[in-house]
Amino acid sequence: MRAAVLAALLALPVLAAAEAGGPTQAPRNEIAGTWRMVSATLEQDGRIERPYGQRPGGLLVFTEDMHFVEVLTDRDAPRFASDARGGGSDAENRRAMATSIGFYGTYTVDAQGRFSGNRVEGATFPNWVDAVRTTQQLQLTVEGDRLLEQFVRPDGGRVRAEFVRVR
């Protein structure tokens with residue numbers, strides 16, 4: 001008798017889920033995966049510039065455990081005269097800082113699995129550390145195997161970068 005009652009009690013959540021349409025599953029995280037940058041533009045004062053050069057390089061990785069890392073570079077940036085990291089001239093260092101960025105942190109998605117915000121934990125640009133951005137400051141839109149990243153810089157420049165999913 002006790003076994004029958006215990007079995008009935010254990011079955012209640014399963015029956016309730018079946019009546020409600022089955023167990024709910026978390027929505028697919030549409031941005032999870034690895035994305036390769038294919039273009040980037042900066043529109044400011046009526047001009048369009050390419051902040052990572054004509055051949056931008058970079059990856060944007062979103063892990064299933066809600067971490068991200070983004071590294072963007074100009075693949076045609078000239079090499080430093082010195083092979084020692086930290087041994088660049090002021091001009092070399094300024095150019096490297098202006099044409100590359102690396103940062104990482106955590107991110108969130110909404111109930112539909114779309115990007116809803118991030119928090120930067122570390123960055124090559126120290127001013128971004130601890131920044132929290134929602135979709136009001138940063139938009140990431142997925143269309144098939146393409147991801148579009150858009151945001152407005154503090155100086156009013158509009159950044160637009162396009163990525164393709166790495167398979």
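Among contacts in the chain between residues at least 6 apart in sequence, what percentage join residues at least 24 apart? The share is 48%, where contact means heavy atoms within 4.5 Å.

These legends describe a predicted model, in which local features need pLDDT of at least 70, side-chain atom pairs count only at pLDDT 80 or more, and totals for chains, interfaces and linings use all residues. Residues are numbered from 1 along each chain as its sequence is written, and side-chain values use heavy atoms, with hydrogens and water left out.

**Figure 1. The chain and its helices and strands.** The chain holds two helices and ten strands, and their order along the sequence is α-β-β-β-β-α-β-β-β-β-β-β. Helices (H or I, at least four residues) and strands (E, at least two) are DSSP runs, numbered from the N terminus. Of the 167 residues in the chain, 29% are buried. Buried means under 20% relative accessible area, exposed means over 50%, and partly exposed lies in between (1.4 Å probe, protein chains only).

Figure 2. A pair of aromatic rings is described by the distance of the centres and the angle of the planes. Rings of Phe, Tyr and Trp (its six-membered ring) pair if their centres lie within 6.5 Å; planes under 30 degrees apart count as stacked, over 60 as edge-to-face and the rest as tilted. The structure has five aromatic pairs. One of them joins Phe62 and Phe68, with 6.3 Å from centre to centre and 35° between the planes, and is tilted. Both Phe62 and Phe68 are buried. The pair of Phe68 and Phe103 is edge-to-face, because the ring centres are 5.8 Å apart and the planes stand at 75°. Phe68 belongs to strand β4 (residues 67-74) and Phe103 to strand β5 (residues 101-109), so this pair ties together parts that are 35 residues apart in sequence. Phe103 is buried, as is Phe68.

Figure 3. One aromatic cluster is formed by Phe62, Phe68, Phe103, Tyr107, Phe125 and Trp128. Arg133 lies over the face of Trp128, 5.5 Å from the ring centre. A charge sits over a ring if NZ of Lys or CZ of Arg is within 6 Å of the ring centre and within 35 degrees of the ring normal.

**Figure 4. The largest nonpolar core.** In soluble globular proteins, nonpolar side chains tend to be buried together. A nonpolar core is a set of buried Ala, Val, Leu, Ile, Met, Phe, Trp, Tyr and Cys residues joined through side-chain atoms within 4.5 Å. The largest such core has 24 residues, and those that touch the most other members are Ile31, Trp35, Met37, Phe62, Tyr107, Leu147 and Phe163. Two or more residues of this core come from each of β1 (33-44), β3 (56-62), β4, β5, β6 (115-123), β8 (138-143), β9 (146-152) and β10 (158-165). Strand β1 gives the largest share, four residues. Apart from neighbours within four places in sequence, Leu147 has contacts that include Ile31, Trp35, Leu60, Phe62 and Phe163.

Figure 5. On a 1 Å grid over the protein atoms alone, a cavity is a set of points where a 1.4 Å probe fits but cannot get out, and a pocket is an open set with protein on both sides within 12 Å along at least five of seven lines; lining residues have an atom within 4 Å of a point. Grid points are joined across faces, edges and corners, and a volume is the space filled by probe spheres set on the points. The largest pocket holds about 770 Å³ of space. Its lining has 29 residues, of which Phe125, Trp128, Phe151, Arg153 and Val159 are the closest to the centre. Strand β9 gives the most to this pocket lining, with three residues. The search of the whole structure finds one cavity of 30 Å³ or more, and the largest cavity holds about 40 Å³. Among the residues that line the largest cavity are Phe62, Phe68, Phe103 and Arg133.

Figure 6. Asp45 lies in the loop between β1 and β2 (47-49). Asp45 is not a glycine, yet has a positive phi of about 55°, and with 68% relative accessibility Asp45 is exposed. Met66, in the loop between β3 and β4, also is not a glycine and has a positive phi of about 70°. Met66 is partly exposed at 25% relative accessibility. Ala77 is found in the loop between β4 and α2, and the C-alpha atoms of Ala77 and Ala96 are 7.6 Å apart.
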